[in-house]
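The entries follow the order in which I looked things up.

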Amino acid sequence: MNPEEITRPIMWNVGTFTKIAMYTLLVVSSAIFLYGFWLRFRIWRRGRTDVARPGDASEYTFAARAGRVARHVLAQVRIARLPIAYASHITIFYGFIVLFIGTVLVAIEHYHIAHFFYGDFYRVASFLLDLFGLGFVAALLLAVARRGGISRVIPSSKPIDAVILWLLIVIGVTGFLVEGLRIAALEPPFERVSFVGWSLASVFDAAGGTPAAATSAHFALWWVHMVLVFVWIAMIPYTKLLHLFVAPYHVASTPEHRSGRLTPISMEEVEETGVVGLAKIEEFSFERLVSYDACTHCRRCEPACPAFA
């Protein structure tokens with residue numbers, strides 16, 4: 001088989017009207033996202049920028065910042081102390097990154113920026129996307145189970161947290177179903193590497209499904225999947241999902257320090273202002289305000305706090 005034939009048709013079963021509707025929804029969801037991010041930035045911008053940085057200058061070099069990001073964002077060493085939470089979070093993290101990279105690669109191919117999505121590259125990419133996508137869904141289900149009490153530290157679980165988890169699960173599952181229905185409709189023999197989609201296509205065929213039925217179901221589920229993705233994008237700045245962006249910034253901009261170390265109050269400043277502590281948003285630093293949005297209410301701080309002893 002010609003390597004150029006080992007690929008998949010991008011935007012298959014999607015007509016012109018559907019593409020216009022998709023791009024319209026993309027613009028709307030992106031606008032909602034940007035507006036929400038702007039609202040948060042307006043609050044951060046009210047913070048003080050004249051606050052002295054804690055620690056010494058060596059903690060603000062590029063190497064020091066990169067080291068903190070490597071430890072606490074890429075390796076997530078702090079969460080590693082809770083094995084179930086670590087397994088869930090790091091699998092979701094890297095599953096999301098690989099799926100995002102896959103989406104970018106498909107876009108590069110679709111918009112003719114480069115031509116590479118075929119042959120052995122396509123086989124390897126398809127296998128990895130199914131592997132990390134399956135891990136992504138499984139880890140999300142583990143996160144749901146953690147909120148059910150299988151972990152000794154149960155995260156804060158508000159209704160919106162459950163909505164976020166189940167929304168991501170449905171996005172992942174519908175993505176696999178769309179892939180499986182495409183395989184069932186087109187029946188490409190080389191798609192065995194997409195083992196999740198191939199398995200779902202085999203189940204569909206065994207149940208008596210026809211290529212025509214697969215095509216119709218594919219179109220309906222493609223829409224469900226796409227709309228849910230746009231809803232998720234729009235939700236990011238209004239929920240704890242914002243930590244996807246602000247947590248790496250917070251880690252990079254804030255030196256590590258020992259737990260329990262407090263910053264002393266300047267008595268000279270108290271005498272000048274007559275105020276002890278902080279009472280208004282404008283009295284917090286920019287970095288501190290950003291750090292509050294980086295918090296995911298995981299409750300890992302509570303076991304280390306004397307107030308909860």
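This is a predicted model: local features need pLDDT of at least 70, side-chain atom pairs count only at pLDDT 80 or more; totals for chains, interfaces and linings use all residues.

I count Ala, Val, Leu, Ile, Met, Phe, Trp, Tyr, Cys and Pro as nonpolar, Asp, Glu, Lys and Arg as charged, and the others, Gly among them, as polar. Residues are numbered from 1 along each chain as its sequence is written, and side-chain values use heavy atoms, without hydrogens and water.

**Second largest pocket.** I looked up its lining and found 15 residues, with Tyr-238, Thr-239, Lys-240, Cys-295 and His-297 nearest the centre. A pocket here is an open set of points on a 1 Å grid over the protein atoms alone, where a 1.4 Å probe fits, with protein on both sides within 12 Å along at least five of seven lines; lining residues have an atom within 4 Å of a point. I noted that α5 (159–186) and α10 (286–294) are the elements that give two or more residues to this lining. The most comes from α5, with three residues. By class, I recorded seven nonpolar, three polar and five charged residues in the lining.

**Whole chain.** I read ten helices and zero strands; these are DSSP runs numbered from the N terminus, helices being H or I of at least four residues and strands E of at least two. The C-alpha trace spans about 80 × 40 × 35 Å along its principal axes.

**α2 with α8.** The axes of α2 (residues 62–74) and α8 (residues 243–253) come within 8 Å and cross at roughly 130°. Axes are lines fitted to C-alpha atoms over the stretch in contact, and angles run from 0 to 180 degrees between N-to-C directions. The two helices are therefore oblique to each other, a term for angles left after under 35 degrees (roughly parallel), over 145 (roughly antiparallel) and 65 to 115 (roughly perpendicular). On α2 I listed Arg-65, Arg-68, Val-69, His-72 and Val-73, and on α8 Pro-248, Val-251, Ala-252 and Ser-253, as making the contact, meaning heavy atoms within 4.5 Å. This contact has five nonpolar, two polar and two charged residues.

**α8 with α10.** I found these helices packed at an angle of about 135°, with axes 8 Å apart, which makes α8 oblique to α10. Among the contact residues are His-243 and Tyr-249 of α8 and Phe-286 and Asp-293 of α10. By class, I recorded six nonpolar, four polar and two charged residues here.
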